[in-house]
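Please read these points with the model open beside you.

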Amino acid sequence: MLSLGPLVRTDPLPDAGPVTQTTELSEAPEQGEQPDQPARRALLRLPHRAWSVAAIAFVTIIGAAGFASLPGLLIDPLHEEFGWSRGTIGFAVSVNLALYGLTAPFAAALMDRFGIRKVVAAALVVIAAGGGLTVFMSEPWQLILCWGVLVGLGSGSMALAFAATVTNRWFVARRGLVTGILTAGGASGQLIFLPLLSWIVEWHKWRPAAITVSVAALAIVPLVLLLLRDYPSDVGLAAYGADGPPAPRPAPRRGAARRAVKALASASRTGSFWLLAGAFAICGASTNGLVKTHFVPAAHDHGMPVTAAASLLAVIGVFDIVGTVASGWFTDRFDARRLLAVYYALRGLSLMFLPILLDDAVHPPMLFFIVFYGLDWVATVPPTMALCREQYGEDSAIVFGWVLASHQVGAGVVAFVGGVARDAFGSYDLVWYGAGALCAIAALMSLVIQRGPGAKAASATV
């Protein structure tokens, strides 16, 4: 019989201590200065360059987050303007979510071939074009092409595989913490964009909102091209927390598609991959597919104003930042499998209560749900990335891309099923209960994942 057991540390973890980038400035002694005075050689200690790269990645993820914030706000406006069913609109969103995930492993391989800067800049341009073209659409297939295909492909290259690649290249110590911070970038973008976009949709219709997120994505492109760097060795540094001199920049890896498929073929021969992918598919179904896509229209069904419902989603983003960063800190110190089991179990419990909390106004029990659910929103990402690193080593970013693909396929399925269920039954209640039950299954799947060969090595570098 499976037992959750106590949440205990897996190994004693030494503190890596602060790591700094040191620049020495030699200065000639000024007149009257003693040779042994400290001013003869000033020692300027700056934060390691890895932290500035992580900061740029964080801002980039925020800029792309507007596209993830918009679909839930468009369901009712598109239904009212064009008469399209919620199932049809949900299908376009499901194509977006599925391609977002399926693109991720190939994008990780492309970053090894062409570099992070080029891939991310191109992705931002593609998603800006796809979002901007939606203002001219008049048929459902155009929504599927622009928002589903173009934005899906572009945003897939800006997916969590981007965060995994930056973390793996620039950090040896504090990987869990950095993963949590970068993952929280999506929540930060949601916090910034959702209130603004909901106000624009309510007072100026949906087209200006689509233009707003397109412009925001384009504004990030110069930042990426000018300030982001592919490897620490590009600026003469070793990765944060690494011992020894800077590692040379690896040669570009050709055959990105072949490498992505090869990594999948190798990982798929292990049971841990299927457990990780299955649990993460349920994660996507219960977050992006369900809550992010259908919470606003579900709350509106109960008489809640769209701006109020969107503000609640933004508040989820506030606590998501706290929960995800804390999860990264926990992942550096505790068994990632047990963390995942706890996260999924608590999420499922909260979703079971949601149908009785929805009302025409925001009451204290709903606020409690928002806080509780928000802390758990993407707290699953840091331990899932850590388990991929333990199991699959240098291919971990690509394998995580495939695990993320399952996350988005799960999200896409539920985005579509949720819309169909609403059309068929007149409410979302059945979908909330089903998602809660699936989360219980994900908790059990997480507990039976085997520890990988890199578990001790990873914990020793925290």
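**Notes on the predicted model**

1. Of the protein's 462 residues, 54% count as buried (buried means under 20% relative accessible area, exposed over 50%, partly exposed in between, with a 1.4 Å probe and protein chains only). This is a predicted model, in which local features need pLDDT of at least 70 and side-chain atom pairs count only at pLDDT 80 or more, while totals for chains, interfaces and linings use all residues. Residues are numbered from 1 along each chain as its sequence is written, and side-chain values use heavy atoms, with hydrogens and water left out.

2. The protein has 18 helices and two strands (DSSP runs numbered from the N terminus: helices are H or I with at least four residues, strands are E with at least two).

3. Take contacts between residues at least 6 apart in sequence: 83% of them join residues at least 24 apart (contact means heavy atoms within 4.5 Å).

4. How do α10 and α15 pack? Helix α10 (residues 271–286) and helix α15 (residues 381–392) meet at an angle of about 165°, with axes 11 Å apart (axes are lines fitted to C-alpha atoms, for helices over the stretch in contact, and angles run from 0 to 180 degrees between N-to-C directions). The two are therefore roughly antiparallel (over 145 degrees; under 35 is roughly parallel, 65 to 115 roughly perpendicular and the rest oblique).

5. On the α10 side of this contact are S272, F273, L276 and F280; on the α15 side are V381, T384, L387, C388, Q391 and Y392. By class, the contact has seven nonpolar, three polar and no charged residues (Ala, Val, Leu, Ile, Met, Phe, Trp, Tyr, Cys and Pro are nonpolar, Asp, Glu, Lys and Arg charged, and the others, Gly among them, polar).

6. S406 lies in helix α16 (residues 396–425). Its relative accessible area is 15%, so S406 is buried. Beyond neighbours within four places in sequence, S406 contacts A277, F280 and A281.

7. S446, in helix α17 (residues 429–447), is buried because its relative accessible area is 0%. Leaving out residues up to four places away in sequence, S446 touches A279, R337, L340, A341 and Y344.

8. L375 belongs to helix α14 (residues 364–376). At 36% relative accessibility, L375 is partly exposed. L375 and V322 are 53 residues apart in sequence, with their C-alpha atoms 6.5 Å apart in space.
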